[in-house]
Amino acid sequence: MTDIAPTIAVRDRDVASFTREFLQQLTFTQGVSLEGASDNDKYQALARTVRAYLTSDWLATTDAQRTGGEKQVAYLSAEFLLGRQLDNNLLAADLGGIAREAMESLGLSLDELRELEVEPGLGNGGLGRLAACFIDSMATEDIPAIGYGIRYDYGIFKQTFVDGHQVEEADNWLAMGSPWEMPHPENAVEVGFGGRVDVITGEDGVERRAWVPDWHVVGVPYTYMVPGYRNGRVNTLRLWSAKATQAFDLKIFNSGDFEDAVRAQTRAETISQVLYPEDSTPQGKELRLQQQYFFVACSLRDYLDRVLPEGADLATLPDRITFQLNDTHPVIAVPELLRILVDERGMEWDAAWAIAQKVFAYTCHTLLPEALEVWSVDLLGRLLPRHLEIIYRINEEFLAAVRERYPHEPLRERHMSIIAEEPVRAVRMAYLATVAGFKVNGVAALHSQLLADKVLTDFADMWPEKFTNVTNGVTPRRFVRLANPTLSELITEAIGEGWVADLDRLRGLEPLANDPSFRARFRDIKRANRARFADVLAARDGIEISPDAMVDAMVKRLHEYKRQSLKLLHIVSLYERITSGRLALADVTPRTFVFGAKAAPGYVRAKETIALINHVGATINADASLEGKLKVAFPANYNVTLAEKLIPASDLSEQISLAGKEASGTGNMKFALNGALTIGTDDGANVEIRELVGDDNFFLFGMTEPEVAALSESGYKPEKYYESDEDLHRALNLLMSGALTGGERGSFVASVCASLIERDRFMALADFRSYVDAQDRVEAAYRDEDAWTRSAILNVARTGFFSSDRSMRDYTERIWRA
Ligand code: NBG
């Protein structure tokens, strides 16, 4: 017998060993020589080399997780918007320097190779990116956690513009293969759909119910490593891919119908094929429910069969695990767990329900009532008949408890029922999550308060102790340390490097805001970041911008409540005031307005708004009379990779949603941490940002949530604002004249303007005056370089609270260990 160590040796952390590993990966995994290797070969080999370095820690973490008694978290999320992995993993494993030298020793460039990575866009926006920040922080905070989600073949669509209009292309992110994932087909899980429920009388004479699905798919797990920041912990992210079951295929195939067999395969594999390009409004489509049940069923099975120690007493589940439900998408896990416990493991209902009520916690990410998912009883019963029965039983017992608690208030029962009666009978997933969950949290202080006061009111009244808040956060590794290397160096020089995993230390920068030489260096860094961003835009999009102009950025999903149209009205008004001679060009600060936004393909108004911004932008950009002072840049296909370049370059962060509509926002945090000042409403986490940075370092405008509610109550009439505010009137008239849209006055121009003047659901016109005035304050403030830089530094110094590490500590204290 040769003497081979039973576990993989820890890789030596030196340039020669790294180089050797890289060459081995190139030869034995890619099957090429260095001379014959394509760029992709080199990138793949480099990524696999880094992965190899993480593996021993990952195996050790996984082992400890299985055998140690520590309570774990399973983070169930339909989206993980990961962004590129290479840099993040090099940083976590502290291999950046070694990798750079190793590549140089072979005549390769790390910087060029990293640009080859295609980012996995497995999420829409904030919700998916938050999940990615959270798994990073769970690993860094040493929390035994596993992320569960879907390995979509196609992530969020790739956006292009044709004549200013959004066109969607499929995001084939796996075309070149992903070096970060490890498929484990041997651990595949079977998931059923449809069929009927049988009643079986056991030998003990007890009746049991058994679900007999009429079709199945197989979930194949793909595992990703999630390294903590230099702490030796490497957690797991497991994403499920749907495959057809062979048995099923064969049966149909043997019956002679080849096309039917193919159809069955297609139906199965469609489940994980594509991410729904929508957030903030649910789709209500059958495939979506299939996706949700698919990943949740796979994940519960994986946890019970592979993570939970063999033979563990199921009654101890609440001491071992919390399933954190990221929004309502995974809520079908509740009846699924009950089905497993009762139907498959033979547990009594009451015992199973007692367990279920201690293992699920629910995070709500919205306040828009139309965004709370409901599934028609009809659809749910057809796809998951046994689950519907279980939901009915939960509801029956719950409503009995409501009656007992509020004996003389019959209306409560109707309001609180998990089953809505109108317009069609439907399951309210948020209610189910609230009834089953032991905790319910919102994602910013204001949001959690409004959630309890306005959305889940009766539930908060019945169970005040269930409701809590955890304000969102962002990972400082990706969004400061990696995205902004020069600022990071300056910070480290000033306060040491501990801030990367302890962001509260940024407070130590506060006194330096008054130091002129520190301010000068800070300003130089901002300018260099603008220049870097300008280079990226030129190369990526062919857009030219000046590195000296203020970068005023609004990047987020296109949605009416976020009010990209209000931003546009400001730009048009500025232009109108200049061209009508009411504002001297000499008094205008050079500015680049940067937009980044995708519209859900079916969201017509959102797409019209994109077209309008692009057309107005083209006109402004071409107008020589402005002497290049105003520029509108709308790079297509905004994604995590572009965010990492834009955010460090930004001076002004636009967070202008109608108060009470944005649950939290996380872009707002990333900008503040990189020294942009916020212009924003009193909404979501803006409230907390302003409290921390101080009124002098934040441009507040607009109605408060109670003012919005009052205006809405009294009957909001947008025309009134259009008629009475001269600047607004002129701006809208100019837009409607077609002068800014190449003569186009109909279609998207008329539609967006009419919707503002006639309905304006999100009250852009009501906040216009206050917004434009705040923008004038921005102009004035920006002219005082020193004061502005001081504010920018204070934004960095005072927003360490928004680290997702802190969010994870809050979750641990308020929910996972509550
Ligand atoms: C979004 C909110 C944001 C919030 C993120 C993350 C949904 C349903 N909600 O305000 O709109 O920051 O969730 O919590 O995507």
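The structure considered here is a predicted model.

Several helices give two or more residues to the lining, among them helix H4 (96-105), helix H5 (110-114), helix H19 (476-482) and helix H20 (485-495). Helix H3 gives the most, with 5 residues.

Rolling a probe the size of a water molecule over the atoms shows where empty space is left. The largest cavity has a volume of about 150 Å³. It is lined by 15 residues, of which Leu82, Gln85, Asn88, Ala132 and Asp136 are the closest to its centre. The elements that give two or more residues to this lining are H3, H6 and strand E9 (215-227). In the lining of the largest cavity, 8 residues are nonpolar, 4 are polar and 3 are charged.

The whole structure contains 22 aromatic pairs. In one of these pairs, the ring centres of phenylalanine 134 and tyrosine 811 are 5.5 Å apart and the ring planes stand at 70 degrees; because planes over 60 degrees apart count as edge-to-face, the pair is placed in that class. Phenylalanine 134 belongs to helix H6 (residues 126-140) and tyrosine 811 to helix H33 (residues 804-816), so that the pair links distant parts of the chain, 677 residues apart. Both phenylalanine 134 and tyrosine 811 are buried. Ring pairs also join Tyr75, Phe134, Tyr811 and Trp816 into a cluster.

Arginine 151 lies over the face of tyrosine 222, at 3.7 Å from the ring centre. In a further case, the charged end of arginine 806 sits over the ring of phenylalanine 801, 3.8 Å from the centre of that ring.

The backbone may now be examined, beginning with a sheet. Strands of a sheet pair through backbone hydrogen bonds, either parallel or antiparallel. An open sheet of 3 strands has the order E13-E15-E14, and its pairing is antiparallel. Strand E13 (374-376) and strand E14 (419-420) are the edge strands, each pairing on one side only. Between E13 and strand E15 (residues 426-428) there are 3 bridges. Tryptophan 375 has valine 427 in E15 as its bridge partner.

Some backbone angles also deserve attention. Most residues other than glycine have a negative phi, and most peptide bonds are trans. The peptide bond from glutamate 422 to proline 423, however, is cis, with omega near -10 degrees. Proline 423 is placed in the loop between E14 and E15.

Which value does phi take in arginine 230? It is near 50 degrees, a positive value in a residue other than glycine. Arginine 230 is found in the loop between E9 and strand E10 (234-244), and its relative accessibility is 37%, so it counts as partly exposed. Arginine 563 likewise has a positive phi, of about 70 degrees. It is found in the loop between strand E18 (550-555) and helix H22 (564-579). Is arginine 563 buried or exposed? Its relative accessibility is 1%, and it therefore counts as buried.

Conventions:
Residues are numbered from 1 along each chain as its sequence is written. This is a predicted model: local features need pLDDT of at least 70, side-chain atom pairs count only at pLDDT 80 or more; totals for chains, interfaces and linings use all residues. Side-chain values use heavy atoms; hydrogens and water are left out. Rings of Phe, Tyr and Trp (its six-membered ring) pair if their centres lie within 6.5 Å; planes under 30 degrees apart count as stacked, over 60 as edge-to-face and the rest as tilted. Helices (H or I, at least four residues) and strands (E, at least two) are DSSP runs, numbered from the N terminus. Buried means under 20% relative accessible area, exposed over 50%, partly exposed in between (1.4 Å probe, protein chains only). A charge sits over a ring if NZ of Lys or CZ of Arg is within 6 Å of the ring centre and within 35 degrees of the ring normal. Two strands pair if DSSP finds at least two bridges between them. On a 1 Å grid over the protein atoms alone, a cavity is a set of points where a 1.4 Å probe fits but cannot get out, and a pocket is an open set with protein on both sides within 12 Å along at least five of seven lines; lining residues have an atom within 4 Å of a point. Grid points are joined across faces, edges and corners, and a volume is the space filled by probe spheres set on the points. Ala, Val, Leu, Ile, Met, Phe, Trp, Tyr, Cys and Pro count as nonpolar, Asp, Glu, Lys and Arg as charged, and the others, Gly among them, as polar.
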